[in-house]
Amino acid sequence: MTPQQYVQEKAARSGSSFYYAFLFLPPPRRAAITAFYAFCREVDDVVDEVSDPAVAATKLAWWRREVGAAFAGRPSHPVMQALQPIAAEYGIRADHLLAVIDGCQMDLDQSPYLDFPGLARYCHLVAGVVGEVAANIFGRTREETVSYAHRLGLAMQLTNIIRDVGDDARRGRIYLPVAELRQFDVKAQEILNRGYSERFAALMRFQAERAHRCYDEALALLPEADRMAQKPGLMMANIYRSLLREIESDGFQVLHQRTSLTPIRKLWIAMRTHWRGR
């Protein structure tokens, strides 16, 4: 299996909403975003699939060394063998990849986020930086597009957090800021016990309203000159926002289930965004 085949299989197997946006890119840009996405999946899987934190930390340390080796021209992993030759062309830097690894390390540390600025720092690493790299690959001409990409990354990560509240809690992680849990008088144990209440619903409405504001702010930041090139990002935004609305309409039943959109619906949203351009 070639490195290119490896990253393609890794991306396709994930079933992520991102994959549907990749389909509309020209082949060279599709190859670049697929390789980058495969890297993100590899390091994220370390945290999600390795039960021993010490082993996971060792694996992340290996990935840090691999990034350094790859940018020195010595990649050994098929993901880096696919990514390194095209990194310079699309503005992908070693510090971008190391930031994503740093975000995964924060997951390993499992420290609660006391307030929203603390959570936003985590979102910056695991989603904002990813959005910036994606925007570079899609093609941008304006610096403001970087700000748009970071804000959109935040909105999408907040959507993930809302969707995965129950699943994350069962893994020992609660991303909702402690200050906001206290504000709505929701205890961590209630979340672990799948305890729905009006207090929990109010907390989740608060989270959803903030995510919607971030989507609106991101779209307002996108320069018209880059709108056409950034259509894949807009596809992802529309897919994720549709997911958020689905969760809202279902009354935030996220403690016992993981809401998702069907593949055909994701493809339809991507196609509609491609036709409409927004």
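**Pockets, a cavity and helix packing in the predicted model**

The second largest pocket holds about 260 Å³ of space. A pocket is here an open set of points on a 1 Å grid over the protein atoms alone, with protein on both sides within 12 Å along at least five of seven lines; its volume is the space filled by probe spheres set on the points, which are joined across faces, edges and corners. The structure is a predicted model, in which local features need pLDDT of at least 70 and side-chain atom pairs count only at pLDDT 80 or more, whereas totals for chains, interfaces and linings use all residues. Residues are numbered from 1 along each chain as its sequence is written, and side-chain values use heavy atoms, with hydrogens and water left out.

Lining residues, defined as those with an atom within 4 Å of a point, number 18 for the second largest pocket, and P112, Y113, I174, L176 and V178 lie nearest its centre. Two or more residues of this lining are given by each of the elements α6 (94-109) and α10 (178-183); helices are DSSP runs of H or I with at least four residues, numbered from the N terminus. The most is given by α10, with 3 residues. The lining of the second largest pocket comprises 10 nonpolar, 3 polar and 5 charged residues, where Ala, Val, Leu, Ile, Met, Phe, Trp, Tyr, Cys and Pro count as nonpolar, Asp, Glu, Lys and Arg as charged, and the others, Gly among them, as polar.

I174 and L176 also occur in the lining of the largest cavity, together with I161, V165, D168, A169, R173, Y175 and I191. A cavity is a set of points where a 1.4 Å probe fits but cannot get out, and 1 cavity of 30 Å³ or more was counted. About 50 Å³ of space lies in the largest cavity. Helix α9 (residues 165-170) supplies the largest share of its lining, 3 residues. By class, this lining contains 7 nonpolar, no polar and 2 charged residues.

Helix α6 also packs against other helices. Its axis and that of helix α7 (residues 116-138) come within 8 Å and cross at roughly 155°; axes are lines fitted to C-alpha atoms over the stretch in contact, and angles run from 0 to 180 degrees between N-to-C directions. The two helices are therefore roughly antiparallel to each other, a term applied to angles over 145 degrees. The crossing of α6 and α7 is left-handed, meaning that the near helix is turned anticlockwise from the far one by less than a right angle. Contact, defined as heavy atoms within 4.5 Å, involves residues including H96, V100 and M106 in α6 and Y122, V129 and V133 in α7. This contact has 10 nonpolar, 3 polar and 3 charged residues.

The axes of helix α4 (residues 53-71) and α6 come within 10 Å and cross at roughly 175°, which makes α4 roughly antiparallel to α6. Among the residues that meet are L60, W63 and F71 in α4 and L97, I101 and L108 in α6. The contact of α4 with α6 has 13 nonpolar, 1 polar and 2 charged residues.

A further helix pair is formed by α8 (residues 144-163) and α12 (residues 198-221), whose axes come within 8 Å and cross at roughly 160°. These helices are therefore roughly antiparallel to each other, and α8 passes α12 in a left-handed crossing. Y148, L152 and I162 are among the residues of α8 in this contact, and M204, Y215 and L221 are among those of α12. The contact of α8 with α12 divides into 15 nonpolar, 3 polar and 4 charged residues.

Conventions:
Parallel < 35°, antiparallel > 145°, perpendicular 65-115°, else oblique.
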